[in-house]
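Me: I have a structure open and would like to go through some of its side-chain contacts. Could you take my questions one by one?
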Amino acid sequence: MRDVTNQTFDEIAVGATATIARTLTTTDVEALALAAGDVEGFHLEGGSADAGGRSAQGAAAIAIVAGLLNRRLPGPGTAIVATAFHYRGACHAGDTLTATVTAKARDARLHRIDFECRCTNQNGDVLVEGTATVDAPTARIAYADVATPEMILRRNDAFGPVFKRCEGLPAPVCAVVHPCDRDSLAGPIEAARRGLIVPVLVGPEAKIRAVARAEGIDISAFRLVAVEHSHAAAAAAVALARAGEVEALMKGSLHTDELMGAVVAAVTGLRTARRISHVFVLDVPTYPRLLLVTDAAINIFPTLEDKADICRNAIDLAHILGIANPKVAILSAAETVNPKIPSTIDAAALCKMADRGQITGGVLDGPLAFDNAISIDAARTKMIASSVAGSADILLVPDLEAGNMMVKQLQYLAGADSAGIVCGTRVPIVLTSRADNVRARLASTAVLKLVANDRKMRLPG
């Protein structure tokens, strides 16, 4: 972060100059190519703006010149009103571009200044040169602690098809369990407004209504089931599901353990013959398809039998999401079976179970390390011949610790949006997190809607 202060028209004399240098990243080149409309893959391959991608090359140089005028000289308050630039050369990710602007003429009546502009690369090759005319600020403007925003380019909108599949389907009735803070109440109400669910609010009535009043949330149209506390809310919501009064559950502001304790209860819960598991559905900006990760939330150290059910649950969910024949990468720290690494043995056993028809509906391979599960280049480098390696739809992790860390790394370091749902229960269950943004909350609700409708279609009668 740094402080930014402008120079006013009266302070800028003919001959005043400023210079800035910037090393281009691949993201810079791709973002500028996108802004220029030059998004053909062969123009961007390798982070290059050459090979016909001259509009991106021009955009890179212009952006640096414009940034110099808008942030340095004259600085904040500047408006660029005309340009006359000539372009030549090309730039690539890794190039260092240097831009210089020099005041060459002033118009005191209009407070306009003509700047001579020039942008070169690290070899001194001129990429852009010409003139920019600006309306210069007449008053002091200063900003403190100005940060340059980070950008992650999203190469796809993996959740787009999920929302599309929801169109025309009836909204399931969903018990929202203990929605006693702003996010846990506003989220399902917004989902209801978009036709994703019909919420039933289950929890302490006074707390729920107090949150609604404080946050200006209208809950008058929705059923409210009053109970005393969060444990009672979990039990009541599960009872509503068992009675067929709701078709899904959504976690509110109670602890996950409280809700899941009621769900897994042997007699009064929502168990099925399947092992209960959780699936994160991720939209990773740098990955070209939905990525499902399981189980990173419920089963801590699953056995081989548990992993078989976890895999079946994820495959079933993938089918509901429109992935007809999902590719399942069974992860470990290595690509070969090693008796000292139990997860590699489990992976091999799961693959053989699939060969014998014990796990169906998808293509399994493992053990695979994370890199060669999601990167074709990594798989080729290690000479792994596999229809799954490099293009996995599902990552089956060895244990909760590994899976939870992986998901959080994808969220916080790779900019992934995530939805999440509990599978293997009588009704779908969404476990929201306080850290979930609006897109993630709505995506989770969209997945819940698809699963609830699929279940309804499969019920007899």
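Predicted model: local features only at pLDDT ≥ 70, side-chain atom pairs only at ≥ 80, totals over all residues.

Me: Where is Asn6 placed?
Reply: Asn6 belongs to the loop that connects β1 (2-5) with β2 (17-23).

Me: Is Asn6 buried or exposed?
Reply: Asn6 is buried, because its relative accessibility is 2% and the cut-off for buried is under 20%.

Me: Which backbone oxygens does its side chain reach, then?
Reply: A polar atom of the Asn6 side chain lies 3.0 Å from the backbone oxygen of Pro76. The side chain of Asn6 also reaches the backbone oxygen of Ala139, at 3.0 Å.

Me: And what else does Asn6 touch, sequence neighbours aside?
Reply: Beyond four places in sequence, its contacts include Glu11, Pro74, Gly75, Pro137, Arg140 and Ile141.

Me: Changing topic: how many aromatic pairs are there?
Reply: The structure holds 0 aromatic pairs.

Me: Which charged residues sit over rings?
Reply: The charged end of Arg106 is placed over the ring of Phe9, 4.1 Å from the ring centre. Arg289 lies over the face of Tyr287, with 5.3 Å to the ring centre.

Me: What about the largest nonpolar core?
Reply: That core has 46 residues, and Val281, Leu292, Leu317, Leu321, Ile359 and Leu364 have the most contacts inside it. Helix α9 (residues 304-320) supplies the largest share, 8 residues.

Me: Which residues are in contact with Leu364?
Reply: Leaving out neighbours within four places in sequence, Leu364 contacts Cys311, Ile315, Val328, Ile330, Leu350, Cys351, Ala354, Ile359 and Val388.

Definitions and conventions
Residues numbered from 1 in each chain as written. Heavy atoms only, no water. Helix = DSSP H or I, 4+ residues; strand = E, 2+ residues; numbered from the N terminus. Buried < 20%, exposed > 50% of the residue type's maximum accessible area, 1.4 Å probe, protein only. Polar contact = N/O pair within 3.5 Å; in protein donor to acceptor, adjacent residues only side chain to side chain. Contact = heavy atoms within 4.5 Å. Phe/Tyr/Trp six-rings, centres within 6.5 Å; stacked < 30°, edge-to-face > 60°. Lys NZ or Arg CZ within 6 Å of the ring centre and 35° of its normal. Core = buried A, V, L, I, M, F, W, Y, C linked by side-chain atoms within 4.5 Å.
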